[in-house]
Amino acid sequence: MAAALDTDLLTRTAPLYERVKRVIPPFEWATFAEDVDAILALKRRRNAVVLAHNYQTPEIFHGVADIVGDSLLLAREATKVDADVIVLAGVHFMAETAKLLNPAKTVLIPDLKAGCSLADSITAQDVRLMRARYPDAPVVAYVNTSTAVKAESDICCTSGNALKVVESLGAERVIMLPDEYLAQNIAKQTSTKIIAWKGHCEVHELFTADDVRQLREDHPDVTILAHPECPPEVVAEADFAGSTAAMQSFVESKRPPRVVLLTECSMSDNIAARNPDVDFVRPCNLCPHMKRITLKNIRHALETNQHEVTIDPAIADRARKSVERMLAI
């Protein structure tokens, strides 16, 4: 019976495996099939959807997710979800954002320890101190922040819309937090004076300009794409810089024969699965927080309703306004 059950499982999940067979070997998929099958059944039973960030592993991204994308797309799509339960396959600030935009829905994060070095780098008190020091400067908070920080800010942004958000304010100078490198990279594209906080992404800050030069030496034909959370000298050496959504769009529209994405590792796997004609060089860095999300704990979240995201009502309205102002642009 066990062998027959395994065969049935693999048959039911075979269409999903077709999506990832370029990046997941058959023996590994066999270890995922039971959880994938169970999650699909649980989603139907609970009227649930899974929102997955681009940094999730392929078996999640292509196997069980209903909506995939960068933080901006997930924020937008969270407002359109027709479901009772949202499981956020990403990090905690993303789940908080989904809850802000869907206060009546159940939002689950499969692992409470799935945090973010950027979100941890700044507090609401820090924002208040920045406001006191620069009272004429509006505050733009990256979505990679806590709800409490969003509540103290004027508007949110993502790496994909940061320039548009900054310039929409019509201010001579703007406080942009918490990612110092993103702020510095945006500052090069606008006449608005950017006042930056000194937070960094523990994944992107590891890339160096020497890494880029070495990649070009080792792979003369490679096209190098960098995330704007990378240091400015890395972005300057790259062929293109943009959000994860912009990177994906670049690959799928330009079709470079060989490409490297200077960002989190799973991003390359997820794009490679859909673009078999592109050769991906992978000197990537892992995000330990994103990798806390697994098929098993997504399944457990749906089975047990853990861990439900709640937000202090005293700050929820103000934080929601910051996100909604961003989405309105």
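Helix α8 and helix α9 (180-187) each supply at least two residues to the lining of the largest pocket, helices being DSSP runs of H or I with at least four residues, numbered from the N terminus. This is a predicted model, in which local features need pLDDT of at least 70 and side-chain atom pairs count only at pLDDT 80 or more, while totals for chains, interfaces and linings use all residues. Residues are numbered from 1 along each chain as its sequence is written, and side-chain values use heavy atoms, with hydrogens and water left out.

The largest pocket has a volume of about 240 Å³, and of the 16 residues that line this pocket, N185, I186, Q189, P228 and A241 are the closest to its centre.

Helix α5 (residues 92-101) and helix α15 (residues 313-328) have axes, lines fitted to C-alpha atoms over the stretch in contact, that come within 9 Å and cross at roughly 95 degrees. The two helices α5 and α15 are therefore roughly perpendicular, a term for angles of 65 to 115 degrees. In this contact (heavy atoms within 4.5 Å), T97, L100 and L101 of α5 meet A316, A319, R320, V323, E324 and L327 of α15.

S159 lies in the loop between β6 (155-157) and α8 (162-168). At 14% relative accessibility, S159 counts as buried, that is, under 20% relative accessible area with a 1.4 Å probe and protein chains only. Leaving aside residues up to four places away in sequence, S159 touches Y142, L182, H227, P228 and S243.

Notes
Buried < 20%, exposed > 50% of the residue type's maximum accessible area, 1.4 Å probe, protein only. Axes fitted to C-alpha atoms, helices over the stretch in contact; angles between N-to-C directions. Parallel < 35°, antiparallel > 145°, perpendicular 65-115°, else oblique. 1 Å grid on protein atoms, 1.4 Å probe; cavity = no way out; pocket = protein on both sides within 12 Å on 5 of 7 lines; lining within 4 Å. Points joined across faces, edges and corners; volume = space filled by probe spheres on them.
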